[in-house]
Amino acid sequence: MDATRRERLTLALAVWGVLLSQVFLYPGVSDLVTALGGDGDLSGGMWFLVAEFAAFVAFASLWGALSDTLGRRVPLIALGALGGAASYLVLAALPGLGLPFAVVLLVRLFGGAMTIGAFSLSITMLADLSGGNGRNMGAAGIAIGLGAALGSVIGGRLSTADPLAPLYASAAVLVGVAIVVATVSDRAPDSTRLGIGAVLRKLASRPAFSVPYAFGFIDRMTAGFFALVGVYYFRDTFGVDAATAGGVLALFFVPFALLQYPLGALSDRIGRFIPVVAGSMLYGVAILAVGLAPGFELAAGLMVVVGIFGALVAPATMALVTDLAGPEERGAALGGFNVFGSLGFLAGFIIGGTVAQVVGYLPSFAVVGLAEVAIAIVALRAVRRLDIQSGTQAAPSAD
């Protein structure tokens, strides 16, 4: 295995670890929130997840711009991973201290601020590698999907045994991420360094980024929706436990993971237009179909279909960001993508959770599913134009 492939695998392992640690908490979030002193209903779970992603929004671009300015990414990834691990251990200690739930949310804010550095910069280091943006982002995507798939299954079982067990497991995994990433060489571009403010201003002056950012927002909104509302939906509607709910999430995340790399490589060959636009339309319809399914078996089976179409969209969208970004702004560009993605997660939690509480589960599925279809229709011409400009139809050299 040559150096580039080895580093691609190592960095994908780091991304996988961050997602694994994050998703451990999702299947049993209602039980965990109750153990930490909050209300275990949909509202309590929503704010527990919102706190982390609010920090993602605030800090993703700052981590990226800082790494661009310093020309170093590895130490920042290690710092973010260790900070995230510490936050999980603090959360696990809180039940014995009798503190209000607001303290839990503050710890979640700190943990989110740290963890997004490890996550976003690991993806940025993948983008620094040669071999095709679709292939590199496909590696990131398969790591995200596999981390979420395994995390949902293991997290559900851990939560069934002890609501606090996922916290200890998450901390251990993030320590492992810090160790693993230390074996990778920094490949941050050697071009002239710009200050953080200059990098962010330069990025803001490029309206073309708004297209993949918009898709990233909607795509992550659906993921946030399933992480919160999807879990409550399957538990409330079909009466399943946390372990089974985690297994259902895995039905989405496994195909989403396994198809990311080949479909990302496919977008290097055929361009980003078909995967992004057609994939988004099919993805949205599949999401709505889950909410319409009359029985548990059919609804769970449709989660596989949702995962397949999601895998068509995700790596091509991330690759479109790297197509547009220059080497000296890549960290900030992908950080910006993660900002919009985190905003999408927040929207999935808040909009999906609110609609489900006020109107019902089916309307919430309709809102997020039709949002995917709508963004594909509205941005169709813009994606085609950017795809032609970036010249992604030309196949990259293999490595």
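Helices (H or I, at least four residues) and strands (E, at least two) are DSSP runs, numbered from the N terminus. The structure is a predicted model, in which local features need pLDDT of at least 70 and side-chain atom pairs count only at pLDDT 80 or more, while totals for chains, interfaces and linings use all residues. Residues are numbered from 1 along each chain as its sequence is written, and side-chain values use heavy atoms, with hydrogens and water left out.

Ala54 is found in helix H3. Its relative accessibility is 31%, so Ala54 counts as partly exposed (buried means under 20% relative accessible area, exposed over 50%, partly exposed in between, with a 1.4 Å probe and protein chains only). Ala54 touches Leu109 and Leu346, not counting residues up to four places away in sequence; contact means heavy atoms within 4.5 Å. Ala54 and Phe345 are 291 residues apart in sequence, yet 9.3 Å apart in space, C-alpha to C-alpha.

Aromatic contacts were examined next. A pair of aromatic rings is described by the distance of the centres and the angle of the planes. Rings of Phe, Tyr and Trp (its six-membered ring) pair if their centres lie within 6.5 Å; planes under 30 degrees apart count as stacked, over 60 as edge-to-face and the rest as tilted. By this rule there are 19 aromatic pairs. Phe53 and Phe345 form a stacked pair, at 4.4 Å centre to centre and 25° between the planes. This pair links distant parts of the chain: Phe53 belongs to helix H3 (residues 42-70) and Phe345 to helix H14 (residues 330-358), 292 residues apart. Both Phe53 and Phe345 are buried.

Phe225 and Phe365 are paired edge-to-face, with 4.8 Å centre to centre and 85° between the planes. Here too distant parts of the chain are linked: Phe225 lies in helix H9 (residues 210-238) and Phe365 in helix H15 (residues 361-378), 140 residues apart. Phe225 has a relative accessible area of 0% and is therefore buried. Phe365 counts as buried at 0% relative accessibility. Ring pairs link Phe225 and Phe365 into a cluster whose members include Phe226, Tyr233, Phe256, Phe296 and Tyr361.

Charges also meet rings. The charged end of Arg108 sits over the ring of Phe48, 4.1 Å from its centre. The charged end of Arg384 sits over the ring of Phe273, 4.1 Å from its centre. The criterion is NZ of Lys or CZ of Arg within 6 Å of the ring centre and within 35 degrees of the ring normal.

Grid points are joined across faces, edges and corners, and a volume is the space filled by probe spheres set on the points. The largest cavity holds about 440 Å³. Of its 31 lining residues, Ile144, Arg220, Ala223, Phe256 and Phe345 are the closest to its centre. The lining divides into 21 nonpolar, eight polar and two charged residues (Ala, Val, Leu, Ile, Met, Phe, Trp, Tyr, Cys and Pro count as nonpolar, Asp, Glu, Lys and Arg as charged, and the others, Gly among them, as polar).

The largest pocket holds about 210 Å³. H1 gives the most to its lining, with six residues.

Conventions: 1 Å grid on protein atoms, 1.4 Å probe; cavity = no way out; pocket = protein on both sides within 12 Å on 5 of 7 lines; lining within 4 Å.
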